[in-house]
Amino acid sequence: MASYRYERDIDPKDLTPRKKRAYTRKERWANWWDYNLKWVITLGIAAAFVGYCFIGQYFFTTHADYNVAVVAPHYLPEATQTALQDALAAYGEDRNGDGKVVVKLNVYTMNFGSDDSDAYLDMAGTTKLSTDIQGALSSIFILYDPAGFQSTTGTLRYLDGSLPQSDADNDWWNMVYHWDDCPVLAGLDLGDYTSDAVQNDSGSSQELLSHYYIGIRGAWTKDADGLLSGGEALWQALTAGAVSTVTKEG
């Protein structure tokens with residue numbers, strides 16, 4: 001029970017309940033912003049980031065219709081890469097419906113079985129090439145050393161379209177055309193390349209590529225077949241009229 005001293009000091013007005021204040025709509029809105037502003041800012045930033053990634057990915061990023069890999073022990077000049085991409089695109093179709101035909105060259109620098117190769121370049125090239133093969137990214141391969149490539153990866157198919165057995169790597173020469181075996185490739189106007197920050201040489205891009213071979217990857221699974229199917233038509237166009245002159249010795 002409260003003491004008399006406490007009760008005598010109570011003002012009857014203090015016992016009257018206070019009226020609940022009625023806030024205006026403007027005041028309620030201001031209070032809401034005061035309490036939730038940080039969350040609005042956080043969610044806004046997150047939404048802007050997602051929107052930026054989405055817009056950049058789908059509207060401002062060029063999507064390739066075809067992926068073609070180049071595997072060589074040395075650098076392929078930038079001018080040669082650009083000219084080759086543009087020239088190959090003339091034989092493709094707009095597969096993704098963006099209004100243009102784009103061929104993307106995936107260049108992997110690595111030297112198969114050479115003690116004189118750069119270990120760091122080989123390691124980087126091997127990692128990227130493995131990712132390409134595992135993801136069934138590139139369907140056509142332009143190769144400087146097809147024997148080393150097939151022995152290491154075992155991914156090429158025969159020129160007649162059949163798939164080799166697991167122990168048929170030594171039969172690589174039946175899986176590729178020499179560059180000059182293909183009238184379409186040998187007739188491409190690729191211009192010249194000049195020295196740049198990476199290489200000091202200059203010369204004809206067509207002459208440079210005349211030392212290469214071309215093959216197409218085999219598809220041993222349904223998933224790989226679906227991913228690589230688009231490259232078949234491009235392969236047929238690029239190798240039209242080709243007659244292989246490749247032997248076991250190269």
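A residue is called buried here when its relative accessible area is under 20%. The model is predicted. By that cut-off, buried residues make up 34% of the 250 residues in the protein.

The fold contains nine helices and seven strands. Contacts between residues at least 6 apart in sequence were examined for their separation along the chain. Of these, 69% join residues at least 24 apart. The accessible surface of the protein comes to about 16100 Å². Carbon and sulfur atoms account for 54% of that surface.

Helix 9 spans residues 230-238. Five of its positions are buried: G230, G231, L234, W235 and L238. Viewed down the axis of helix 9, the buried residues fall within an arc of 120 degrees, so they line one face of the helix.

Pockets were examined next. Rolling a probe the size of a water molecule over the atoms shows where empty space is left. The largest pocket has a volume of about 190 Å³. Its lining consists of 13 residues. Nearest the centre of this pocket lie D65, N67, R95, L137 and L227. Six residues of the lining are nonpolar, five are polar and two are charged.

Several elements contribute to this lining. Strand 1 (66-72) supplies at least two residues of the lining, and so do helix 8 (222-228) and helix 9.

How values were computed: Residues numbered from 1 in each chain as written. Predicted model: local features only at pLDDT ≥ 70, side-chain atom pairs only at ≥ 80, totals over all residues. Heavy atoms only, no water. Helix = DSSP H or I, 4+ residues; strand = E, 2+ residues; numbered from the N terminus. Buried < 20%, exposed > 50% of the residue type's maximum accessible area, 1.4 Å probe, protein only. Contact = heavy atoms within 4.5 Å. Areas by Shrake-Rupley, 256 points an atom, 1.4 Å probe, with all protein chains shown as cover. Arc of directions from axis to C-beta. 1 Å grid on protein atoms, 1.4 Å probe; cavity = no way out; pocket = protein on both sides within 12 Å on 5 of 7 lines; lining within 4 Å. Points joined across faces, edges and corners; volume = space filled by probe spheres on them. Nonpolar A, V, L, I, M, F, W, Y, C, P; charged D, E, K, R; others polar.
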